[in-house]
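Biologist: I am new to this one. Please take a close look at one part for me: the pairing of charged side chains, within chains and between them.

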Amino acid sequence: MANEVLYAGIADLTTVEALSSRFLLLAADRNALPAHPAILKGYMRDMAGAGSQVLKVPHVGIYGYDKLQTGAEGVDTGNTALSDGSSTLSVVQKDKVYEYSDLVRMLDSTGIIRPDVFAVDAVASASVTMRDMLANLVDNFSSTVGATGVNATLANWIDAITTLTIAAAEGDYLGVLHPVQAGDIMKDAALASGGAVQFNPGVQALLEKMMSLGYKGRLLGVDMFTTLSVPTANAGADRAGGMFGAGAIIWADGTIPVDTSDSNQMVLADKVLFERIRNGRGGTTGYLSRKYIGMSEGLDAFGCSIITDA
Amino acid sequence: MTIDSYERDTEIAEGGAFVPFEGPTSRGGAPVTKVDACPPFLQTFNPKRWTVMGGRVIPLLGRIPFMSGVNGATAIIDRTTGAEKAVQPSMARGMAEEKGHIIIPFNEIPDSHARMHGQDLANKSYLWKPRGRPDVTLSIYTKCYPGDTTLDCDEKHYLEWIEYLQDRGIIPTPPAYVLRRMLAKMEQERDDLADKARAKPSLAPLLERAEADVRAVQAELEKVEGTRREAPPAPDTGTAFTPDAEPEPTPTPRKPR
């Protein structure tokens, strides 16, 4: 028969490809740090009104640090020196801008080019930045457990807990590991451990939550968080995560004062400034995300790096 | 058909051959590595951190990451473009040195290693950046591959570098007390592993590795203690201490009659 309407013959009625209204997110570690005591107790202050972006954090040996010494009747008691030290941290500006043209905004079919989407991104990006900064600190503690080129085991996890306990680190502890390390520990717990561990309800619950990044649960009383931001050690042979208690990591941020009469700027959750920047002449609109944050190693003894095969 | 010669057409404009860079999406272009982003860093030596690699006891080097906001590092920003021009880690360096860490300068690598990533001897560095990934900085002893997330250690050259640093006196060799502590811990771990390996033969390679590590630490300890025995005794810089003997009892004053 003739004159069939075929796909190949209606070029003027079709397009080469259609754009899906649903999209896939590119792979990235989007998990934020948990609101964990080991992190929250390391928060020093909001730098608004501090007078400097650099904060010196004193370490003081008090409240039971020095024991009483033996005295004698009628004899003057000698002075006990007050032990002290300090860490320094600098609060710096972290920001980014997405700027798009009016044409893009007009043609957008995905629904991404919208202020509310960028507002959510602002808070998420700030959380990811903070997580990244912390992950780059946990690899550097003086105490270490694990062996180069050897998979992480449950014994390494226990050794880290013991190390921190001996150092009198205040609990709860938080373990920040690369997913390779966490996977090795869970495999060891599931396949190579005895009944005391294998049949522990906490371990079993953790085994059920093995997939995906972020907070995994509690393993032997210590919280576990996995992130791809954990750096390498020994020239890439190993991953260097860590476990720490309160005071090992200290941090500070700053509340950015906004002009309340200006509807183009607002402070979102987590003290993130979100601001709309309009360029009418060029026909573009930018959305700025900004946060002030600084993070440093505090008391080195309150952390233990877990360095095992990558 | 064979083209033997070509006479240039003098009417056309002058120019040169050009091949545009098609990037990693073309069939001909090599894909860029897909490792996670990592900032530049300074390597540091911490006297408390040691490990065993390739049958040798080596320091477990730390890092000072060049990330603004981490350990007090700040950034210099290009005010016209907003791009980060440099990161100043001076506060981080100061804190590390205060803790007794030794910072290893970037250019402290053997000349032969400078050629690993096409560096010239005037600008040696133990860092390199894979092409197409300005957000990735790796040690020159870290290998990455096109289109892949895998990272590997160039163990042979890494150990050569550690030996080079120790020979030049930039970082020390492990002290005896550290080796003794490592040995005690590793022997215990080896023994525990040996018990498990009896019931689980698949643990045999792991046990072999643990035994090799113990032998490495023992050899290093014998070398250090042997060196200590040969060296003349260090001058006495302290004095012996014994607790004070019990003092004579103070005579009780007599009451006047």
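Modeller: Arg198(B) is exposed, because its relative accessible area is 66% (exposed means over 50%, buried under 20%, partly exposed in between, with a 1.4 Å probe and protein chains only). This is a predicted model: local features need pLDDT of at least 70, side-chain atom pairs count only at pLDDT 80 or more, and totals for chains, interfaces and linings use all residues. Residues are numbered from 1 along each chain as its sequence is written, chains are lettered from A and ligands numbered from 1 in the order written, and side-chain values use heavy atoms, without hydrogens or water.

Arg198(B) pairs with Asp195(B) in a salt bridge, 2.7 Å from N to O (a side-chain nitrogen of Lys or Arg within 4 Å of a carboxyl oxygen of Asp or Glu). Both lie in helix α3 of chain B, three residues apart, about one turn of the helix (helices are DSSP runs of H or I, at least four residues; strands are runs of E, at least two; both are numbered from the N terminus). Asp195(B) has a relative accessible area of 47%, so it is partly exposed.

One of its pairs is Lys291(A) with Asp253(A), at 3.8 Å. Lys291(A) sits in strand β14 and Asp253(A) in strand β11, so this pair ties together parts 38 residues apart in sequence. Lys291(A) is buried, at 4% relative accessible area. Asp253(A) is buried too, at 4%.

Over all chains, the count is 24 salt bridges. Between chain B and chain A there are two. In one, Arg63(B) meets Asp139(A), with the closest N and O atoms 2.9 Å apart. That pair runs from strand β4 of chain B to the loop between α3 and β5 of chain A.

In total, 39 residues of chain B are in contact with 37 of chain A (heavy atoms within 4.5 Å).
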